[in-house]
Amino acid sequence: MSTTKAYGAESATSPLKPVTIERRDPGPHDVAIDIAFCGVCHSDLHAVRDDWGGTRYPIVPGHEIVGTVTAVGNEVSRWQVGQTVGVGCMVNSCRTCEACQEHEEQFCETGMTATYNSIDKHGDGTVTKGGYSNHIVVDEHFVLRIPEGMPLDRTAPLLCAGITTYSPLHRHGVKAGTKVGVVGLGGLGHMGVKIAKAMGAHVTMISHSASKQADAERLGADDFLLTKDEGVFKRNAKRFDFILDTVSAAHDYNAYLGMLGRGGTMVLVGLPEASPIAAGSLIHRRRQLAGSLIGGIKETQEMLDFCAKHKVFSDIELIPIHQINGAYERMLKSDVRYRFVIDMKTLGQD
Ligand code: NAP
Ligand code: ZN
Ligand code: ZN
């Protein structure tokens with residue numbers, strides 16, 4: 001057992017502050033990693049504030065981790081000390097159920113172990129602690145290879161925002177010419193725009209923030225719809241083949257479903273409070289509504305290789321860790337341009 005510095009919260013109403021946590025000594029199949037950068041996902045904020053219920057305090061969030069291997073267990077052959085690696089939203093699963101066998105560990109039938117806020121299979125009721133820390137120990141199966149030449153700070157967000165948008169775009173066959181709408185220009189949304197463009201789609205950004213139009217175009221969007229514009233949903237009825245909804249707050253899904261053409265699909269990845277869906281929104285034009293949860297480890301590696309090939313990286317604001325509470329407040333105001341990433345060497349300097 002070793003101790004490491006981290007940032008955590010004691011309750012749903014307390015700010016994040018410096019804490020000291022324990023990490024296990026690397027077992028035979030473990031990889032120990034010094035964390036260089038950790039992205040800040042809106043899920044971190046939902047979990048810290050207990051928006052979904054079930055948060056175990058104290059919580060140390062963070063699941064967009066990039067760092068350097070410092071030690072490996074004696075059975076580990078795939079990873080070497082000094083290698084640059086990533087860790088995303090999962091650190092363990094059963095590896096034997098049908099979902100795990102089919103490389104979808106996120107749907108493990110016994111429950112995947114999330115990078116934070118899960119009961120750790122390695123310890124007596126220990127709760128996993130995430131990437132807002134200097135160091136982490138992870139089973140080798142859940143470590144990702146970061147292709148050479150990727151800017152590490154701008155790559156960290158791919159470990160959640162990248163895979164969460166790549167997976168549904170890829171699974172639903174988005175390709176050259178597909179008319180895609182991406183709803184919400186935040187961490188996930190901006191990756192959705194970039195990845196859908198790299199797949200060759202015609203991409204429209206659908207946002208409730210007029211101030212983001214120029215950025216949407218700079219990020220590669222072909223068009224921009226402001227949802228506050230009078231009549232915008234009516235004017236754009238039947239327009240899209242595929243809509244990716246990344247919005248973090250409750251909104252009317254029915255209005256967005258109306259923008260799908262015949263047989264079109266809307267995939268929800270944003271996870272706000274429930275919002276009612278009228279049967280008619282789906283029945284007419286045989287529209288489909290689906291959801292998607294991150295992606296498996298094999299697919300996450302595929303996504304990293306895809307992003308390296310197409311030079312797709314996140315647009316980030318690099319922050320020292322003591323600015324994390326301010327970053328959360330900005331995230332709540334939809335003022336993220338377009339992912340906060342913590343420079344982990346600032347941990348312990350304040
Ligand atoms: P984010 O950076 O805060 O972006 C969310 C965006 O949603 C905002 O930038 C804003 O975009 C839009 N939005 C916010 N409030 C809105 C409102 N009241 N009405 C309409 N639009 C609104 O968050 P994120 O990190 O991308 O995460 C987005 C959501 O995905 C969160 O709920 C998160 O928990 C969830 N998530 C899910 C998965 C998964 O596996 N399914 C993985 C990661 C995250 P505009 O200003 O452009 O409108
Ligand atoms: Zn996330
Ligand atoms: Zn399993």
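Predicted model: local features only at pLDDT ≥ 70, side-chain atom pairs only at ≥ 80, totals over all residues.
Residues are numbered from 1 along each chain as its sequence is written, chains are lettered from A and ligands numbered from 1 in the order in which they are written, and side-chain values use heavy atoms, with hydrogens and water left out.

View 1. Tyr57 and Pro58 are joined by a cis peptide bond with omega of about -5 degrees. A cis bond also runs from Arg337 to Tyr338, where omega is near -10 degrees. Tyr338 is placed in the loop between helix H11 (324–332) and strand S17 (339–343). Lys238, not a glycine, has a positive phi of about 65 degrees; this residue is in the loop between helix H7 (232–235) and strand S13 (240–245). Most peptide bonds are trans, and most residues other than glycine have a negative phi. Helices (H or I, at least four residues) and strands (E, at least two) are DSSP runs, numbered from the N terminus.

**View 2. Polar contacts of ligand 1.** Ser209 has a polar side-chain atom 2.5 Å from an oxygen atom of ligand 1. For Lys212, a polar side-chain atom lies 2.7 Å from an oxygen atom of the ligand. At Ser292 a polar backbone atom is 2.9 Å from a nitrogen atom of ligand 1. Such a contact is a pair of N or O atoms within 3.5 Å. Ligand 1 taken alone exposes 930 Å², of which the protein buries 92% (Shrake-Rupley method, 1.4 Å probe).

**View 3. The shell around ligand 1.** Ligand 1 is surrounded by 29 residues, the closest being His42, Ser207, His208, Ser209 and Arg339 (a residue counts if one of its heavy atoms lies within 4 Å). H1 gives the largest share of this shell, three residues. By class the shell has 12 nonpolar, 15 polar and two charged residues. Here Ala, Val, Leu, Ile, Met, Phe, Trp, Tyr, Cys and Pro count as nonpolar, Asp, Glu, Lys and Arg as charged, and the others, Gly among them, as polar. Ligand 1 lies between domain 1 (2–160 + 314–346) and domain 2 (161–291), because both give residues to its shell; the bounds come from an automatic or database domain assignment.

**View 4. The second largest pocket.** This pocket holds about 460 Å³ of space. It is lined by 24 residues, and Glu22, Arg23, Asp120, Thr126 and Val127 are the closest to its centre. A pocket is an open set of points on a 1 Å grid over the protein atoms alone, with protein on both sides within 12 Å along at least five of seven lines; lining residues have an atom within 4 Å of a point. Strands S2 (17–23), S6 (90–92) and S8 (135–139) each supply at least two lining residues, with the largest share, five, from S2. The lining divides into nine nonpolar, seven polar and eight charged residues.

**View 5. The largest cavity.** The structure holds one cavity of 30 Å³ or more, and the volume of the largest cavity is about 60 Å³. In a cavity, a 1.4 Å probe fits but cannot get out; a volume is the space filled by probe spheres set on the grid points, which are joined across faces, edges and corners. Residues of the lining include Gly88, Cys89, Met90, Leu144 and Ile163. Seven lining residues are nonpolar, three are polar and none is charged.

Terms used. Polar contact = N/O pair within 3.5 Å; in protein donor to acceptor, adjacent residues only side chain to side chain.
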